[in-house]
Amino acid sequence: MAFPTFLNRNVSDLCVGKPTLKPLSAAATVSEALALLNKSNEPHVSVWSCDHSKNVLEGECECVGKICMFDVICFLCKNENSENPSKALETSVSQILPKGNLIVRHLAPNSSLLQAIDYILEGTQNLVIPIQDYIGGKPRKTQSKSSSLRCKHRNGVEYCWLTQEDVVRFLLNFIGVFSPITTSSIESLNVIDCNVMTICYHEPAMSALDSLTLAHVEQTSVAVVDDLNRLIGEISPSTLSYCDETAAAAVMTLSASDLLAYIDCGGPPDDLVDLVKVILQEKKLSALLELMDEELSLSTSSSSCSASLSCSSDDELGVCRNNGSGRYSSARRAEAITCYPNSSLVAVMIQALAHRTSSVWVMHEDNTLIGYVTFKGILKVFRSLANARMITR
């Protein structure tokens, strides 16, 4: 397959098998967003300018953003909200949407893969695309009994979205088209970003909140390091997105190293839960403590009716799966995924995709940090390669 022809493929080719988006109105409350997140197997919920419980025409409504548990956690960490979390949860979800009008963008199904890459390089995280039938290219129309939970307009059109991970995975499936550039080292391709956000392991996790908020937008993480700048782990917004809202209490009370253990696969250990409660009492955050007790009670009740935690074959990928309904189900471990400057581009792609992480840390042999490689940085290489091929045609 010729290189230019490949990048002109329709983005609808990437949508086959993608689940329909579950919509949330921008007028909904944070509490309603929490309920939908807890019902969903996906870490994010799409937020729309209309109410899908009412019939709307395509074009009358658009996706204006997305929300995840990390957004809720950051919201509850604010002083005024931690003092009265119940009142905070009644806030409109539009108030806590990540800022930036490019984070989520609509794209026609016949748009090229190259256009999708260009949108991502401009800062887009999710591309909202009408779902089409695999045969015939016509919009999918369904008569699902659960249509109220689907992002479906009056004319029957449903939507999915593509992420940066989806695009990189698609490119990896056809990696031979881009040979030999993908076997070059990440250092020679200049894709290592050295603007690293770090926090020392003994510092309060709360001191990294602003960095975590920025990392959420840039789809990176905050590195936890020792006094010699050696990598210990990472606090990742994507990992926090698989926690429940009570993780806000952990962020507000624990050190960076303790938070790593708290958010690791399988849920927080009992000793750290007790430590968080003690500190909440000392800070007189009784309302947040009550929320934590209530959530833990619900979680215990749920787990007593479900199978025990299993990390068998998924251990190699750092993924835990819980047959219950806890938010820690399918969460990636909090350990950092690393590579070296001489690692090849394709090797880093495989690492990132295998561990379901949007960034891979780059370090020296002594574990001191150099920087990181992101999906966005990887896609820049393919875009530059496309530019070069177009010039030589």
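Visitor: How many bridges join strand β11 to β12, and do they run parallel or antiparallel?

Guide: Start with the general idea. Strands of a sheet pair through backbone hydrogen bonds, either parallel or antiparallel. Now the case here, in a predicted model. Strand β11 (residues 359–363) is joined to β12 by five bridges, and the two run antiparallel. Look at V362: G371 in β12 stands opposite.

Visitor: What do β11 and β12 form, and how many residues lie between them?

Guide: A hairpin, with five residues between the strands. Check N367 in the turn: its phi is positive, about 75°.

Visitor: Why is strand β12 described as largely enclosed?

Guide: Count its buried residues. In β12 (residues 369–374), six of the six are buried, so the rest of the structure largely encloses the strand. The cut-off for buried is under 20% relative accessible area.

Visitor: Next, the open sheet of three strands. What is its order?

Guide: The order is β1-β2-β3, and the pairing is mixed. At the edges are β1 (23–25) and β3 (63–68), each pairing on one side only. From one strand to the next, the twist averages 40°.

Visitor: How many bridges join β2 to β3?

Guide: Five join strand β2 (residues 44–48) to β3, and the pair runs antiparallel. Then look at α2. This helix packs on the sheet and touches β1, β2 and β3. The direction of α2 makes about 175° with that of β1.

Visitor: Now helices. At what angle do α2 and α3 pack?

Guide: The general idea comes first. Two packed helices are described by the angle between their axes and the distance between the axes. For α2 (residues 30–39) and α3 (residues 69–77), the angle is about 145° and the axes are 10 Å apart. Their crossing is left-handed.

Visitor: Which residues of α2 and α3 meet?

Guide: From α2, take V30, L34, L37 and N38; from α3, M69, V72 and F75. By class, this contact has six nonpolar residues, one polar and no charged.

Visitor: And how do α6 and α7 cross?

Guide: Helix α6 (residues 113–121) and helix α7 (residues 164–173) cross at roughly 135°, with axes that come within 11 Å. That angle makes α6 oblique to α7. The crossing is left-handed.

Visitor: Which residues make that contact?

Guide: On α6, L113, I117 and I120; on α7, Q164, V167, F170 and L171. The classes are six nonpolar, one polar and no charged.

Conventions. Residues are numbered from 1 along each chain as its sequence is written. This is a predicted model: local features need pLDDT of at least 70, side-chain atom pairs count only at pLDDT 80 or more; totals for chains, interfaces and linings use all residues. Side-chain values use heavy atoms; hydrogens and water are left out. Axes are lines fitted to C-alpha atoms, for helices over the stretch in contact, and angles run from 0 to 180 degrees between N-to-C directions. Helices (H or I, at least four residues) and strands (E, at least two) are DSSP runs, numbered from the N terminus. A crossing is left-handed if the near helix is turned anticlockwise from the far one by less than a right angle, and right-handed if clockwise. Contact means heavy atoms within 4.5 Å. Ala, Val, Leu, Ile, Met, Phe, Trp, Tyr, Cys and Pro count as nonpolar, Asp, Glu, Lys and Arg as charged, and the others, Gly among them, as polar. Angles under 35 degrees count as roughly parallel, over 145 as roughly antiparallel, 65 to 115 as roughly perpendicular and the rest as oblique. Buried means under 20% relative accessible area, exposed over 50%, partly exposed in between (1.4 Å probe, protein chains only). Two strands pair if DSSP finds at least two bridges between them.
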